[in-house]
Amino acid sequence: MTTPSAAPGRDVSAQEEQAGVADALAHDPSGDARMPAASTGEGGLLSPALRATTIGALALVSLHAFEALALTTVMPTIARDLDGESLYAMAFTATLAAGIVSIVWSGNLADRRGPRPPLLLGLLLFALGLVGAGLAPTMPVLVAARIVQGLGAGMTSTALYVLVTRIYPPRLHTAILAGFSAAWVVPSIAGPFVAGVIAQTIGWRWVFGLAIVVLVGAALLLSRIVRGLGQEVVAVPWRWRALAASTVLAVAVLVLNLVAERLDALPVGVTVLLAVAALGVVVAALLPLLPRRTLLAGRGLPTDVLLRALAFAAFTGAEVYLPRLLTDRDGFSPSVAGVALTLTGVSWFAGSWIQGAWDTRFEIGRTAAASLGLMTVTLAALATSLWLAAPAWVVIGLFPLLGFGIGTLYPRVTAQALGRAGATEQGFVSSALQIGDSAGAATALALSAIVFAAAGSGVPAAYVAVLGAMAVPALVGWLVSHRVR
């Protein structure tokens, strides 16, 4: 299976590719690394001017995909080995929360200096986080390492979105974003199974070691284009208010998770008060980080950001509990439990492929409504099937529908949002999209941890409660999908 827009250009040597980049830079003294294809509108994703950029960007996305899917697969094993099951959700939320801060920082930095500084720093932080997680002696140390990973992931992901808007012509935006989804295919197929086998044979720590190898490969590929991404300082001010708000937001999300961890030790009234206060802080801190009226589903960019955030919240809050469910309820090994993640990753790509190939044939409002409607129905069906004690194959068969729903929505809404950005707003729009995703998913994970603990952490009640709760953001997205234009 190939990406729909990967129409290869003529075969050229590495020297010719580098000459094309140098020529582009020679005609752009600012160093804004705009490739010939971006200015002339010619060629595809693998045309001579864009080939190195495309391969390097897809390699980095594949790294994020492998690490995310591998960790989701082996986290039940890690939590048991480190006696840290109470921090199960926190291991995921910590990464997302840290990413919120680095997304704002890197978006601002990219507007001032271009995508190179956040890309390089993000790769370094991600590597340090992988090393720390692989060597972690306790669950709190692993969570700390995941925070460092989150800082790196937020910086690199924002840098990639800026690359899309600066280097690729608008007609290729949906295609390259569909390519990002395609980069999840191989990690989705092999990642969960490989991670499960590694955890069962030589130990889960080596999963992080393998991720470091993938990181080095991605860095080597990207090194060919990083040299051409320099940019003089642009007079874009530091968004200190946004940086402060992102830090407050990250702390509030972590507090929500700590409430879940201490649910048994705190009085019910105190727990409710802390949870409500933390949610209030989350909402207040989000306001300066997103386009105006985002939380009210304002037409245009605000709804683009909101729909992505709601879809990702629903998907992530359910996905992280899937391997744990199959391990706890059905006694599956990590490698077998990872099959469900594999199928879901492939279905996500299938939805993205359809949008990449046929995006002009479907009105975006109807596409969004159909995608979020499918996600809502699927989550409700999953909760019902667990309540009725349906066999594992039913759960494994239903979950890919969730991936197809979000895969259909993601590239279309993202391309539309990026297309609205002006030259000095690319970093802000990119960071807003990422913040919406990270804040939505982190909040959903925190609330799912509270729901899971409140339901007694047992099978099936706790899992039914979590899946039912995650249907709520998908339903809200469906209700406001008509506002996306």
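**Labels and the values behind them**

Tutor: Start with the second largest cavity, which has a volume of about 70 Å³. Keep in mind that this is a predicted model.

Student: What makes it a cavity and not a pocket?

Tutor: In a cavity, a 1.4 Å probe fits but cannot get out, whereas a pocket is an open set. The search of the whole structure finds six cavities of 30 Å³ or more.

Student: Which residues line the second largest cavity?

Tutor: Among them are Ala-318, Tyr-321, Leu-322, Leu-325 and Phe-399. Helices H13, H16 and H18 each supply at least two lining residues. H18 has the largest share, with three.

Student: How do we class that lining as nonpolar, polar or charged?

Tutor: Go by residue type. Ala, Val, Leu, Phe and Tyr are among those that count as nonpolar. The lining divides into 10 nonpolar, no polar and no charged residues.

Student: Leu-322 and Leu-325 are also in H13. Which residues of H13 are called buried?

Tutor: Leu-322, Pro-323, Arg-324, Leu-325, Leu-326 and Thr-327 are buried. Buried means under 20% relative accessible area. After H13 comes Gly-331, with a positive phi near 70°.

Student: Now the largest cavity. What is its volume?

Tutor: About 1100 Å³. Its lining has 44 residues, and His-64, Ala-68, Trp-184, Phe-312 and Gln-434 lie nearest its centre. H6 gives the most, with eight residues. Other helices supply at least two residues each, including H3, H4, H12 and H17.

Student: What classes of residue make up that lining?

Tutor: There are 23 nonpolar, 16 polar and five charged residues.

Student: How do you know where the largest cavity lies relative to the domains?

Tutor: Look at who supplies the lining. Domain 1 (50-228) and domain 3 (298-484) both give residues, so the largest cavity lies between them.

Student: What else describes the largest pocket?

Tutor: About 560 Å³ of space lies in it. The largest pocket is lined by 24 residues, with Leu-310, Ala-313, Gly-440, Thr-443 and Pro-473 nearest its centre. H11, H12, H17 and H18 each give two or more residues to that lining. H17 has the largest share, seven residues. By class, 20 are nonpolar, four are polar and none are charged.

Student: And which elements line the second largest pocket?

Tutor: First, its space: about 260 Å³. Eighteen residues line it, and Ser-86, Ala-260, Ala-449, Ala-453 and Ser-457 lie nearest its centre. H4, H10 and H17 each give two or more residues to the lining. The classes are 10 nonpolar, four polar and four charged.

Student: Turn to H3. How do you know that its span agrees with its number of residues?

Tutor: H3 has 31 residues. At 1.5 Å a residue, H3 should span 45 Å. Its end C-alpha atoms are 43 Å apart, which agrees.

Student: Where does H3 bend?

Tutor: At Val-74, by about 50°. That angle is taken between axes fitted to the seven residues ending there and the seven starting there. A proline, Pro-76, follows within four residues.

Student: Why is H3 called largely enclosed?

Tutor: Count the buried residues. They number 25 of the 31 in H3, so H3 is largely enclosed by the rest of the structure.

Student: What makes Asp-83 count as exposed?

Tutor: Exposed means over 50% relative accessible area. Asp-83 has 74% relative accessibility, so Asp-83 counts as exposed. Asp-83 lies in the loop between H3 and H4. Its phi is positive, about 50°, although Asp-83 is not a glycine.

Student: Which residue in the loop between H11 and H12 has its place there?

Tutor: Arg-293. Arg-293 has a positive phi of about 70°, and it is not a glycine either.

Student: One last label. What omega goes with the cis peptide bond from Val-459 to Pro-460?

Tutor: Omega is near 0° there. Pro-460 lies in the loop between H17 and H18.

Key:
Residues are numbered from 1 along each chain as its sequence is written. This is a predicted model: local features need pLDDT of at least 70, side-chain atom pairs count only at pLDDT 80 or more; totals for chains, interfaces and linings use all residues. Side-chain values use heavy atoms; hydrogens and water are left out. Buried means under 20% relative accessible area, exposed over 50%, partly exposed in between (1.4 Å probe, protein chains only). On a 1 Å grid over the protein atoms alone, a cavity is a set of points where a 1.4 Å probe fits but cannot get out, and a pocket is an open set with protein on both sides within 12 Å along at least five of seven lines; lining residues have an atom within 4 Å of a point. Grid points are joined across faces, edges and corners, and a volume is the space filled by probe spheres set on the points. Domain bounds come from an automatic or database domain assignment. The expected span of a helix is 1.5 Å times one less than its number of residues.
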